[in-house]
Amino acid sequence: AELLSALARTVEQPDMPLRALEMLSTEEREQLRLNFGQGTPPKLATLVSDQTIVSLFEQQVEQYPEAEALYHQDSTLTYQALNQQANQLARCLLNEGVAEGELVGICIERCPEMVIAMLAILKVGAAYVPLEPKYPVERLGYMIEDSGLRRVVGNEATRALINDISSATFVGVTSEALASFEGSNVTAERAVTIQHQAYVIYTSGSTGQPKGVMIQHGSLMNLQTEMSQWTVCHCNEAWGWVASFAFDASVQGLLQLVSGRRVVLIADEEKVQVDKLIDRIRSQNIGVLDCTPSLAEMWFSSEAQGELPNLVIGGEVISPRFWETLVEWQDLQGRFAWNVYGPTECTVDSTVCLIEGDEPVIGRAISGAKLFVLGTEQQLSPLGAVGELYIGGAGLAQGYLNRPDL
(Lines give C-alpha, C1' and ligand atoms only; values in the text may rest on other atoms or scores of the structure.)
Protein backbone atom coordinates (compact mmCIF):
# COMPACT_ATOMS: atom_id res chain seq x y z
CA ALA A 1 0.00 0.00 0.00
CA GLU A 2 2.86 2.41 0.86
CA LEU A 3 4.53 1.74 -2.50
CA LEU A 4 1.32 2.30 -4.46
CA SER A 5 0.70 5.56 -2.61
CA ALA A 6 4.24 6.70 -3.36
CA LEU A 7 3.94 5.83 -7.04
CA ALA A 8 0.70 7.78 -7.26
CA ARG A 9 2.44 10.85 -5.82
CA THR A 10 5.25 10.60 -8.42
CA VAL A 11 2.62 10.94 -11.11
CA GLU A 12 1.08 13.94 -9.34
CA GLN A 13 4.49 15.57 -8.67
CA PRO A 14 6.95 14.27 -11.29
CA ASP A 15 9.73 16.70 -10.25
CA MET A 16 9.81 15.52 -6.63
CA PRO A 17 13.11 13.79 -5.61
CA LEU A 18 12.61 10.11 -4.79
CA ARG A 19 14.10 10.59 -1.31
CA ALA A 20 11.32 13.06 -0.52
CA LEU A 21 8.48 10.70 -1.37
CA GLU A 22 5.97 10.28 1.45
CA MET A 23 5.49 6.54 1.95
CA LEU A 24 2.69 6.79 4.49
CA SER A 25 -1.02 7.09 4.08
CA THR A 26 -2.93 9.83 5.91
CA GLU A 27 -4.22 7.24 8.39
CA GLU A 28 -0.72 5.93 9.11
CA ARG A 29 0.66 9.45 9.59
CA GLU A 30 -2.04 10.22 12.12
CA GLN A 31 -1.38 6.95 13.93
CA LEU A 32 2.33 7.79 14.23
CA ARG A 33 1.65 11.36 15.33
CA LEU A 34 -1.10 10.71 17.85
CA ASN A 35 -0.74 7.13 19.06
CA PHE A 36 3.01 6.63 19.06
CA GLY A 37 4.64 10.06 18.99
CA GLN A 38 2.99 11.90 21.86
CA GLY A 39 2.83 11.32 25.58
CA THR A 40 -0.23 12.14 27.63
CA PRO A 41 -0.80 15.91 27.51
CA PRO A 42 0.37 17.70 30.69
CA LYS A 43 -2.34 18.12 33.29
CA LEU A 44 -4.23 21.36 32.71
CA ALA A 45 -3.78 22.33 36.38
CA THR A 46 -0.01 22.23 35.94
CA LEU A 47 -0.16 24.47 32.89
CA VAL A 48 -2.48 27.18 34.22
CA SER A 49 -1.77 27.32 37.96
CA ASP A 50 1.83 28.57 37.57
CA GLN A 51 3.00 26.15 40.24
CA THR A 52 6.76 25.69 40.41
CA ILE A 53 9.11 23.43 42.27
CA VAL A 54 9.45 26.26 44.82
CA SER A 55 5.74 26.66 45.52
CA LEU A 56 5.09 22.92 45.65
CA PHE A 57 8.03 22.36 48.00
CA GLU A 58 6.77 25.11 50.30
CA GLN A 59 3.32 23.49 50.29
CA GLN A 60 4.91 20.26 51.52
CA VAL A 61 6.66 22.23 54.26
CA GLU A 62 3.38 23.77 55.34
CA GLN A 63 1.53 20.45 55.39
CA TYR A 64 4.24 18.21 56.86
CA PRO A 65 6.80 20.43 58.62
CA GLU A 66 8.19 17.70 60.89
CA ALA A 67 8.36 14.98 58.24
CA GLU A 68 11.89 13.85 57.33
CA ALA A 69 12.98 15.40 54.04
CA LEU A 70 16.68 14.72 53.63
CA TYR A 71 19.16 12.22 55.07
CA HIS A 72 22.92 12.09 54.60
CA GLN A 73 25.45 10.12 56.64
CA ASP A 74 23.62 10.10 59.98
CA SER A 75 22.29 13.65 59.54
CA THR A 76 18.58 14.30 58.99
CA LEU A 77 16.71 17.46 58.03
CA THR A 78 12.95 17.82 58.35
CA TYR A 79 11.01 19.70 55.70
CA GLN A 80 10.79 22.69 58.02
CA ALA A 81 14.52 22.70 58.79
CA LEU A 82 15.46 22.27 55.14
CA ASN A 83 13.15 25.10 54.12
CA GLN A 84 14.44 27.39 56.86
CA GLN A 85 18.06 26.91 55.86
CA ALA A 86 17.22 27.35 52.17
CA ASN A 87 15.38 30.57 53.03
CA GLN A 88 18.31 31.85 55.07
CA LEU A 89 20.64 31.26 52.13
CA ALA A 90 18.08 32.80 49.76
CA ARG A 91 18.05 35.97 51.89
CA CYS A 92 21.83 35.92 51.94
CA LEU A 93 21.80 35.80 48.12
CA LEU A 94 19.34 38.67 47.98
CA ASN A 95 21.62 40.62 50.32
CA GLU A 96 24.50 39.86 47.94
CA GLY A 97 22.48 41.44 45.13
CA VAL A 98 21.56 38.32 43.15
CA ALA A 99 19.18 39.45 40.43
CA GLU A 100 16.11 37.71 39.12
CA GLY A 101 17.17 35.42 36.26
CA GLU A 102 20.85 35.53 37.23
CA LEU A 103 22.95 32.39 36.92
CA VAL A 104 24.53 31.31 40.22
CA GLY A 105 27.08 28.54 40.47
CA ILE A 106 27.08 25.75 43.04
CA CYS A 107 30.32 23.95 43.84
CA ILE A 108 29.57 21.49 46.65
CA GLU A 109 29.90 17.72 46.96
CA ARG A 110 26.71 15.64 47.36
CA CYS A 111 25.51 16.68 50.83
CA PRO A 112 22.60 18.61 52.41
CA GLU A 113 24.27 21.96 51.67
CA MET A 114 24.10 21.11 47.95
CA VAL A 115 20.31 20.71 48.14
CA ILE A 116 19.98 23.81 50.33
CA ALA A 117 21.86 25.80 47.69
CA MET A 118 19.73 24.45 44.83
CA LEU A 119 16.51 25.38 46.62
CA ALA A 120 17.79 28.79 47.72
CA ILE A 121 18.82 29.81 44.21
CA LEU A 122 15.48 28.70 42.80
CA LYS A 123 13.62 30.60 45.55
CA VAL A 124 15.17 33.93 44.51
CA GLY A 125 14.17 33.44 40.88
CA ALA A 126 17.73 32.71 39.79
CA ALA A 127 19.04 29.59 38.03
CA TYR A 128 21.72 27.29 39.38
CA VAL A 129 24.77 26.08 37.45
CA PRO A 130 26.24 22.90 38.99
CA LEU A 131 30.02 22.82 39.21
CA GLU A 132 31.11 19.32 40.17
CA PRO A 133 34.14 19.71 42.51
CA LYS A 134 35.75 16.57 41.05
CA TYR A 135 35.87 18.04 37.53
CA PRO A 136 39.24 19.16 36.12
CA VAL A 137 39.93 22.79 36.96
CA GLU A 138 40.11 23.63 33.24
CA ARG A 139 36.53 22.47 32.72
CA LEU A 140 35.30 24.27 35.83
CA GLY A 141 37.05 27.45 34.73
CA TYR A 142 35.51 27.22 31.27
CA MET A 143 32.00 26.73 32.68
CA ILE A 144 32.35 29.68 35.07
CA GLU A 145 33.62 31.94 32.31
CA ASP A 146 31.16 30.78 29.65
CA SER A 147 28.16 31.21 31.95
CA GLY A 148 29.38 34.58 33.21
CA LEU A 149 28.98 33.60 36.86
CA ARG A 150 29.34 36.47 39.28
CA ARG A 151 28.69 34.34 42.36
CA VAL A 152 29.38 30.73 43.31
CA VAL A 153 27.84 29.04 46.35
CA GLY A 154 30.07 26.53 48.11
CA ASN A 155 31.34 25.33 51.46
CA GLU A 156 34.72 25.38 53.15
CA ALA A 157 35.82 22.30 51.19
CA THR A 158 35.49 24.15 47.87
CA ARG A 159 36.30 27.75 48.82
CA ALA A 160 39.98 27.52 47.84
CA LEU A 161 39.16 25.73 44.59
CA ILE A 162 36.78 28.45 43.41
CA ASN A 163 38.97 31.32 44.59
CA ASP A 164 41.95 29.84 42.71
CA ILE A 165 40.19 29.55 39.34
CA SER A 166 37.70 32.41 39.36
CA SER A 167 37.11 36.00 40.39
CA ALA A 168 33.46 35.21 41.16
CA THR A 169 32.26 36.08 44.65
CA PHE A 170 32.26 32.99 46.87
CA VAL A 171 29.14 32.59 49.04
CA GLY A 172 29.77 30.10 51.83
CA VAL A 173 27.03 27.81 53.15
CA THR A 174 27.80 27.55 56.85
CA SER A 175 25.54 27.81 59.90
CA GLU A 176 27.55 30.80 61.09
CA ALA A 177 27.18 32.65 57.79
CA LEU A 178 23.44 32.07 57.60
CA ALA A 179 22.58 32.65 61.25
CA SER A 180 21.97 36.38 60.78
CA PHE A 181 19.33 35.86 58.09
CA GLU A 182 15.64 35.12 58.65
CA GLY A 183 14.27 31.70 57.78
CA SER A 184 10.91 32.84 56.37
CA ASN A 185 9.95 32.32 52.73
CA VAL A 186 11.08 34.95 50.24
CA THR A 187 7.90 34.72 48.15
CA ALA A 188 7.02 38.35 48.73
CA GLU A 189 10.42 39.47 47.46
CA ARG A 190 10.62 37.13 44.47
CA ALA A 191 7.61 35.51 42.79
CA VAL A 192 8.89 32.56 40.75
CA THR A 193 6.90 31.49 37.68
CA ILE A 194 7.09 28.62 35.21
CA GLN A 195 8.80 30.98 32.74
CA HIS A 196 11.77 31.48 35.06
CA GLN A 197 14.94 29.63 34.21
CA ALA A 198 15.67 26.89 36.77
CA TYR A 199 19.13 25.61 35.89
CA VAL A 200 21.87 25.49 33.28
CA ILE A 201 23.61 22.12 33.04
CA TYR A 202 26.60 21.69 30.75
CA THR A 203 26.84 18.82 28.28
CA SER A 204 29.80 16.48 28.31
CA GLY A 205 31.48 18.24 25.40
CA SER A 206 32.02 14.97 23.53
CA THR A 207 31.35 16.76 20.22
CA GLY A 208 33.31 19.92 21.07
CA GLN A 209 33.24 22.43 23.90
CA PRO A 210 30.59 21.75 26.59
CA LYS A 211 27.36 23.68 26.01
CA GLY A 212 25.10 25.05 28.73
CA VAL A 213 21.53 23.74 28.41
CA MET A 214 18.89 26.18 29.74
CA ILE A 215 15.83 24.63 31.42
CA GLN A 216 12.76 26.50 32.69
CA HIS A 217 10.55 25.77 35.70
CA GLY A 218 7.70 24.86 33.36
CA SER A 219 9.72 21.99 31.92
CA LEU A 220 10.52 20.79 35.44
CA MET A 221 6.85 20.80 36.30
CA ASN A 222 6.08 18.75 33.21
CA LEU A 223 8.58 16.14 34.42
CA GLN A 224 7.06 16.31 37.90
CA THR A 225 3.61 15.65 36.42
CA GLU A 226 4.98 12.56 34.71
CA MET A 227 6.93 11.25 37.69
CA SER A 228 3.95 11.67 40.01
CA GLN A 229 2.29 8.92 37.98
CA TRP A 230 5.14 6.44 38.54
CA THR A 231 4.67 3.92 41.33
CA VAL A 232 8.38 3.49 41.96
CA CYS A 233 8.09 2.64 45.66
CA HIS A 234 5.78 2.81 48.66
CA CYS A 235 5.03 6.21 50.18
CA ASN A 236 6.96 5.37 53.38
CA GLU A 237 10.11 4.38 51.45
CA ALA A 238 12.92 6.73 50.49
CA TRP A 239 14.38 7.73 47.15
CA GLY A 240 18.12 7.04 47.00
CA TRP A 241 19.75 10.01 45.22
CA VAL A 242 22.81 8.61 43.43
CA ALA A 243 23.40 10.94 40.47
CA SER A 244 25.88 13.81 40.54
CA PHE A 245 24.11 17.17 40.42
CA ALA A 246 26.22 17.95 37.34
CA PHE A 247 23.99 15.49 35.47
CA ASP A 248 20.33 16.25 34.95
CA ALA A 249 19.33 12.83 36.35
CA SER A 250 19.85 14.49 39.73
CA VAL A 251 16.72 16.59 39.10
CA GLN A 252 14.67 13.41 39.65
CA GLY A 253 15.92 13.38 43.23
CA LEU A 254 15.17 17.07 43.77
CA LEU A 255 11.62 16.57 42.52
CA GLN A 256 10.98 13.93 45.20
CA LEU A 257 10.96 16.74 47.76
CA VAL A 258 8.06 18.30 45.85
CA SER A 259 6.14 15.04 46.31
CA GLY A 260 6.82 14.83 50.03
CA ARG A 261 9.06 11.79 49.72
CA ARG A 262 12.11 11.36 51.96
CA VAL A 263 15.38 11.59 50.04
CA VAL A 264 18.60 9.80 51.02
CA LEU A 265 21.79 11.24 49.53
CA ILE A 266 24.04 8.32 48.60
CA ALA A 267 27.70 9.16 49.22
CA ASP A 268 30.26 8.41 46.51
CA GLU A 269 31.91 5.67 48.59
CA GLU A 270 28.51 4.05 49.16
CA LYS A 271 27.91 3.94 45.41
CA VAL A 272 30.99 1.82 44.76
CA GLN A 273 31.33 -0.13 48.04
CA VAL A 274 28.42 -2.51 47.86
CA ASP A 275 28.49 -3.51 51.54
CA LYS A 276 28.08 0.15 52.55
CA LEU A 277 25.33 0.61 49.97
CA ILE A 278 23.41 -2.39 51.31
CA ASP A 279 23.73 -1.08 54.87
CA ARG A 280 22.34 2.27 53.74
CA ILE A 281 19.45 0.65 51.86
CA ARG A 282 18.51 -1.40 54.92
CA SER A 283 18.93 1.30 57.55
CA GLN A 284 17.09 4.02 55.60
CA ASN A 285 14.33 1.93 54.03
CA ILE A 286 15.30 2.97 50.50
CA GLY A 287 12.66 1.84 48.03
CA VAL A 288 14.26 3.02 44.78
CA LEU A 289 17.68 4.04 43.47
CA ASP A 290 18.47 6.06 40.35
CA CYS A 291 21.52 4.75 38.51
CA THR A 292 23.23 4.22 35.18
CA PRO A 293 23.36 0.75 33.59
CA SER A 294 27.11 0.50 34.23
CA LEU A 295 26.66 1.24 37.93
CA ALA A 296 23.80 -1.25 38.20
CA GLU A 297 25.91 -3.89 36.45
CA MET A 298 28.68 -3.30 38.98
CA TRP A 299 26.21 -3.84 41.82
CA PHE A 300 24.97 -7.04 40.20
CA SER A 301 28.51 -8.33 39.64
CA SER A 302 29.09 -7.85 43.39
CA GLU A 303 26.21 -10.22 44.17
CA ALA A 304 24.00 -7.46 45.58
CA GLN A 305 20.92 -8.39 43.55
CA GLY A 306 18.96 -9.70 46.51
CA GLU A 307 19.39 -6.47 48.47
CA LEU A 308 18.73 -3.90 45.77
CA PRO A 309 15.43 -1.98 45.76
CA ASN A 310 13.55 -0.90 42.63
CA LEU A 311 15.75 0.80 40.03
CA VAL A 312 15.27 3.80 37.74
CA ILE A 313 17.99 3.34 35.11
CA GLY A 314 19.13 5.90 32.55
CA GLY A 315 22.02 7.86 31.12
CA GLU A 316 23.45 5.03 29.02
CA VAL A 317 22.37 2.25 26.68
CA ILE A 318 21.32 -0.99 28.40
CA SER A 319 22.97 -3.93 26.68
CA PRO A 320 20.76 -6.84 25.53
CA ARG A 321 22.53 -9.14 27.99
CA PHE A 322 21.94 -6.87 30.98
CA TRP A 323 18.35 -6.19 29.87
CA GLU A 324 17.73 -9.94 30.06
CA THR A 325 19.39 -10.02 33.49
CA LEU A 326 17.10 -7.23 34.73
CA VAL A 327 14.00 -8.99 33.44
CA GLU A 328 15.00 -12.16 35.30
CA TRP A 329 15.92 -10.18 38.43
CA GLN A 330 12.49 -8.57 38.60
CA ASP A 331 10.79 -11.96 38.34
CA LEU A 332 13.06 -13.54 40.95
CA GLN A 333 13.19 -10.70 43.50
CA GLY A 334 9.75 -9.18 43.01
CA ARG A 335 11.31 -5.82 42.19
CA PHE A 336 10.79 -3.38 39.33
CA ALA A 337 13.27 -1.69 37.00
CA TRP A 338 12.45 1.18 34.65
CA ASN A 339 14.42 2.41 31.67
CA VAL A 340 14.31 6.19 31.21
CA TYR A 341 15.75 7.97 28.21
CA GLY A 342 16.25 11.60 27.35
CA PRO A 343 19.01 14.03 26.39
CA THR A 344 19.94 16.91 28.69
CA GLU A 345 18.25 19.22 26.18
CA CYS A 346 14.85 17.69 26.99
CA THR A 347 14.72 17.95 30.82
CA VAL A 348 16.03 14.59 32.00
CA ASP A 349 13.50 12.08 30.64
CA SER A 350 11.67 11.95 27.32
CA THR A 351 10.61 8.30 27.42
CA VAL A 352 10.03 5.64 30.08
CA CYS A 353 9.19 1.96 30.20
CA LEU A 354 9.23 -0.98 32.55
CA ILE A 355 12.10 -3.26 31.60
CA GLU A 356 10.43 -6.33 30.12
CA GLY A 357 10.41 -8.37 26.95
CA ASP A 358 13.27 -9.85 24.94
CA GLU A 359 15.19 -6.77 23.79
CA PRO A 360 15.97 -3.22 24.96
CA VAL A 361 13.52 -0.46 24.08
CA ILE A 362 13.24 3.14 25.25
CA GLY A 363 9.49 2.97 25.85
CA ARG A 364 6.71 5.52 25.47
CA ALA A 365 6.83 9.29 25.36
CA ILE A 366 6.36 10.86 28.79
CA SER A 367 3.60 13.37 29.51
CA GLY A 368 3.90 16.44 27.33
CA ALA A 369 6.69 15.04 25.14
CA LYS A 370 6.56 14.53 21.38
CA LEU A 371 8.85 12.03 19.68
CA PHE A 372 9.01 11.22 15.98
CA VAL A 373 11.34 9.11 13.84
CA LEU A 374 12.05 11.10 10.67
CA GLY A 375 13.83 10.32 7.41
CA THR A 376 16.47 12.34 5.61
CA GLU A 377 13.86 14.81 4.31
CA GLN A 378 12.32 15.08 7.80
CA GLN A 379 9.25 13.11 6.81
CA LEU A 380 7.74 10.54 9.17
CA SER A 381 9.34 7.11 8.82
CA PRO A 382 7.09 4.03 8.64
CA LEU A 383 6.91 1.69 11.63
CA GLY A 384 10.09 -0.37 11.82
CA ALA A 385 12.04 1.89 9.45
CA VAL A 386 15.38 3.46 10.31
CA GLY A 387 15.52 7.20 10.90
CA GLU A 388 16.56 9.89 13.35
CA LEU A 389 14.69 10.55 16.60
CA TYR A 390 13.32 14.09 16.95
CA ILE A 391 12.10 15.24 20.37
CA GLY A 392 9.91 18.21 21.21
CA GLY A 393 7.17 19.22 23.59
CA ALA A 394 6.95 20.64 27.09
CA GLY A 395 10.38 19.40 28.21
CA LEU A 396 12.36 21.02 25.43
CA ALA A 397 15.12 23.35 26.63
CA GLN A 398 15.09 27.11 25.99
CA GLY A 399 18.28 26.57 24.04
CA TYR A 400 22.03 26.62 24.59
CA LEU A 401 23.49 29.41 26.71
CA ASN A 402 25.21 32.03 24.54
CA ARG A 403 24.58 29.91 21.44
CA PRO A 404 21.52 31.30 19.66
CA ASP A 405 22.83 29.81 16.42
CA LEU A 406 22.20 26.26 17.65
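## Overall make-up

Of the chain's 406 residues, 52% count as buried, where buried means under 20% relative accessible area, exposed over 50% and partly exposed in between, with a 1.4 Å probe and protein chains only. This is a predicted model, in which local features need pLDDT of at least 70 and side-chain atom pairs count only at pLDDT 80 or more, while totals for chains, interfaces and linings use all residues. Residues are numbered from 1 along each chain as its sequence is written, and side-chain values use heavy atoms, with hydrogens and water left out.

The chain holds 15 helices and 18 strands; these are DSSP runs numbered from the N terminus, helices being H or I of at least four residues and strands E of at least two. Of the contacts between residues at least 6 apart in sequence, 65% join residues at least 24 apart, a contact being heavy atoms within 4.5 Å. The accessible surface is about 18,500 Å², and 51% of this belongs to carbon and sulfur atoms. Areas come from the Shrake-Rupley method with a 1.4 Å probe, and for residues only the protein chains shown count as cover.

## Surface patches

Patches consist of residues with over 30% relative accessible area and no salt bridge, like charges being joined within 9 Å and nonpolar side chains (Val, Leu, Ile, Met, Phe, Trp, Tyr) within 5 Å. A salt bridge is a side-chain nitrogen of Lys or Arg within 4 Å of a carboxyl oxygen of Asp or Glu. Lys and Arg count as positive and Asp and Glu as negative, leaving out His and the chain ends; each charge is placed at NZ of Lys, CZ of Arg, CG of Asp or CD of Glu.

A negative patch brings together Glu-324, Glu-328, Asp-331, Asp-358 and Glu-359. Asp-358 sits in the loop between strand 14 (351–354) and strand 15 (364–365), and is exposed because its relative accessibility is 79%. A nonpolar patch is formed by Tyr-341, Ile-362, Val-373 and Leu-389, with about 280 Å² of accessible area together. Leu-389 belongs to strand 17 (residues 388–393) and, at 35% relative accessibility, is partly exposed.

## Two loop residues

Thr-203 is in the loop between strand 7 (197–202) and strand 8 (212–216). Its relative accessibility is 13%, so Thr-203 counts as buried. Beyond residues up to four places away in sequence, Thr-203 touches Arg-139, Pro-210, Lys-211, Val-213 and Glu-345.

Ala-99 lies in the loop between helix 5 (79–95) and strand 3 (103–107) and is partly exposed, at 34% relative accessible area. Apart from neighbours within four places in sequence, Ala-99 contacts Ala-126 and Arg-190. Ala-99 and Arg-190 are 91 residues apart in sequence, with 9.7 Å between their C-alpha atoms.
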